[in-house]
Amino acid sequence: MCRNIQTLHNFEPPATEDEVHAAALQYVRKISGSTKPSQANQAAFDLAIEEIAAATGRLLAGLTTNAPPRDRETEAAKAKARALIRYTR
């Protein structure tokens, strides 16, 4: 599951709310050990996602860097090349 959490800092355009939410969802799934919580745990699961997404948004807003922004298409191509090497061995 951790491989699904993508780096969100220093991209142009900046990470969207959907990307931040998806990362928070993956984090909560990993920590809880559950991809789909029971009805009894759904409220806690949803609250954790909201809180982590909010904290992630604050973190991304507060980070600074001198590096030039990365391009999403270039990073996706690099990831595909790494996956091709990893899974064709």
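Tutor: Let's start with a definition: buried means under 20% relative accessible area, exposed means over 50%, and partly exposed is in between (1.4 Å probe, protein chains only). Keep in mind that this is a predicted model, where local features need pLDDT of at least 70, side-chain atom pairs count only at pLDDT 80 or more, and totals for chains, interfaces and linings use all residues. Residues are numbered from 1 along each chain as its sequence is written, and side-chain values use heavy atoms, with hydrogens and water left out.

Student: Is E75 buried, exposed or partly exposed?

Tutor: Check the relative accessibility of E75, which is 22%. Buried needs under 20% and exposed needs over 50%. So E75 counts as partly exposed.

Student: Which residue does the side chain of E75 meet in a salt bridge?

Tutor: A salt bridge is a side-chain nitrogen of Lys or Arg within 4 Å of a carboxyl oxygen of Asp or Glu. The N to O distance here is 3.5 Å. Both residues lie in helix α3, three residues apart, about one turn of the helix (helices are DSSP runs of H or I, at least four residues, and strands are runs of E, at least two, numbered from the N terminus). The partner of E75 is K78.

Student: How many residues apart in sequence are the parts that R72 and E19 tie together?

Tutor: The side chains of R72 and E19 meet in a salt bridge at 3.1 Å, N to O. R72 lies in helix α3 (residues 72–87) and E19 in helix α1 (residues 17–32), so the pair ties together parts whose separation in sequence is 53 residues.

Student: What is the relative accessibility of E73, and is E73 buried or exposed?

Tutor: E73 is found in helix α3. At 67% relative accessibility, E73 counts as exposed.

Student: How are α1 and α2 oriented to each other?

Tutor: The axes of α1 and helix α2 (residues 42–62) come within 8 Å and cross at roughly 130 degrees. Axes are lines fitted to C-alpha atoms, for helices over the stretch in contact, with angles from 0 to 180 degrees between N-to-C directions. Angles under 35 degrees count as roughly parallel, over 145 as roughly antiparallel, 65 to 115 as roughly perpendicular and the rest as oblique. That's why α1 and α2 are oblique to each other.
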